[in-house]
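Here is a short briefing on one helix and the charged pairs around it. Please look over the structure first.

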Amino acid sequence: MKLLVERIKQDGQALSEHVLKVDAFLNHQIDPELMQEIGKEFAARFADEGITKIVTIESSGIAPAVMAGLYLHVPVVFARKRKSLTLSEGLLTASVHSFTKNETNEISISKKYVAQDDRVLIIDDFLANGQAALGLIDIVEQSGANLAGIGIVIEKSFQDGAAKLKELGIRVESLAQIEALEGGKVLFKNDKVEELV
Ligand code: G4P
């Protein structure tokens with residue numbers, strides 16, 4: 001997605017060879033107009049999939065997921081990482097280990113909001129090692145709902161999350177694919193292909 005790639009080039013910072021900082025528009029300050037375009041793009045890519053529900057994980061998945069829900073006209077459910085005061089019964093849970101942060105979270109969604117007759121689109125901001133996505137897939141499977149695919153805002157293709165999901169036969173749509181973070185620079189997958197042509 002050109003608009004997103006341009007924005008990453010403009011405002012993204014490669015903090016190391018593994019971490020891209022996009023606090024200016026996605027992870028802290030949020031650009032609503034960019035999120036709207038991201039939502040439109042996800043909705044277009046999954047338009048023919050009969051999606052009835054979007055599932056994401058707090059916190060940075062919520063903005064792009066809500067915008068996709070707006071354009072697909074379906075509700076959005078976000079998995080919680082901490083126990084909620086009002087959400088304690090009838091939970092579907094999964095364990096998510098973050099290699100980046102070296103911590104494990106128990107994530108949960110109420111059974112009430114994802115059911116057997118749902119066709120689910122999972123959306124998240126980053127795809128790195130795929131642990132969050134695998135946790136969400138686990139929860140969708142427990143609910144008995146059907147998974148249509150996964151929409152990712154920024155895929156770090158040099159980590160193995162995307163490959164793991166594709167091996168499982170899951171459709172992954174990433175709006176920006178990063179091949180490498182080198183010497184403070186962000187190298188995009190498609191840019192590299194263009195250079196090779
Ligand atoms: P994984 O789920 O793909 O295995 O990812 P990982 O454990 O590596 O990532 C854990 C958290 O770090 C997630 O956010 C993820 O979105 C974020 N993350 C991973 N790589 C990057 C990166 O290069 N840049 C940025 N900015 N974030 C990255 P989280 O802890 O759930 O945070 P939030 O959603 O509450 O903001």
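Which residue forms a salt bridge with Arg171? Glu173 does, and the closest N and O atoms are 3.1 Å apart. A salt bridge here is a side-chain nitrogen of Lys or Arg within 4 Å of a carboxyl oxygen of Asp or Glu.

This is a predicted model: local features need pLDDT of at least 70, side-chain atom pairs count only at pLDDT 80 or more, and totals for chains, interfaces and linings use all residues. Residues are numbered from 1 along each chain as its sequence is written, and side-chain values use heavy atoms, leaving out hydrogens and water.

**Salt bridges**

- The structure holds 9 salt bridges.
- One of them joins the side chains of Glu173 and Arg45, at 2.9 Å from N to O.
- That pair links distant parts of the chain: Glu173 sits in strand S9 and Arg45 in helix H3, 128 residues apart.
- Helices (H or I, at least four residues) and strands (E, at least two) are DSSP runs, numbered from the N terminus.
- A network of salt bridges links Glu41, Arg45, Glu49, Arg119, Arg171 and Glu173.
- Lys164 and Asp160 also meet through their side chains, at 3.5 Å from N to O.
- Side chains of opposite charge can pair when their charged atoms come close.

**Exposure of the paired residues**

- Glu173 counts as buried because its relative accessibility is 18%; buried means under 20% relative accessible area, exposed over 50%, and partly exposed in between (1.4 Å probe, protein chains only).
- Arg45 is partly exposed, at 25%.
- Arg171 is partly exposed too, at 29%.
- Lys164 has a relative accessible area of 24%, so Lys164 is partly exposed.
- Asp160 is partly exposed at 38%.

**Helix H3**

- Helix H3 runs over residues 32-45 and has 14 residues.
- Its expected span, 1.5 Å times one less than its number of residues, is 20 Å; the end C-alpha atoms are 20 Å apart, which agrees.
- Asp31 caps the N-terminal end of H3, with a side-chain oxygen 2.9 Å from the backbone nitrogen of Glu33.
- The buried residues of H3 are Leu34, Met35, Ile38, Gly39, Phe42 and Ala43.
- An α-helix has 3.6 residues a turn, so residues three or four places apart point the same way.
- Among the elements covering these buried residues are helix H1 (2-11), helix H4 (62-72) and strand S9 (172-182), where contact means heavy atoms within 4.5 Å.

Terms used
A polar contact is a pair of N or O atoms within 3.5 Å; within protein, one must be able to donate a hydrogen and the other to accept it, and residues adjacent in sequence count only if both atoms are side-chain atoms.
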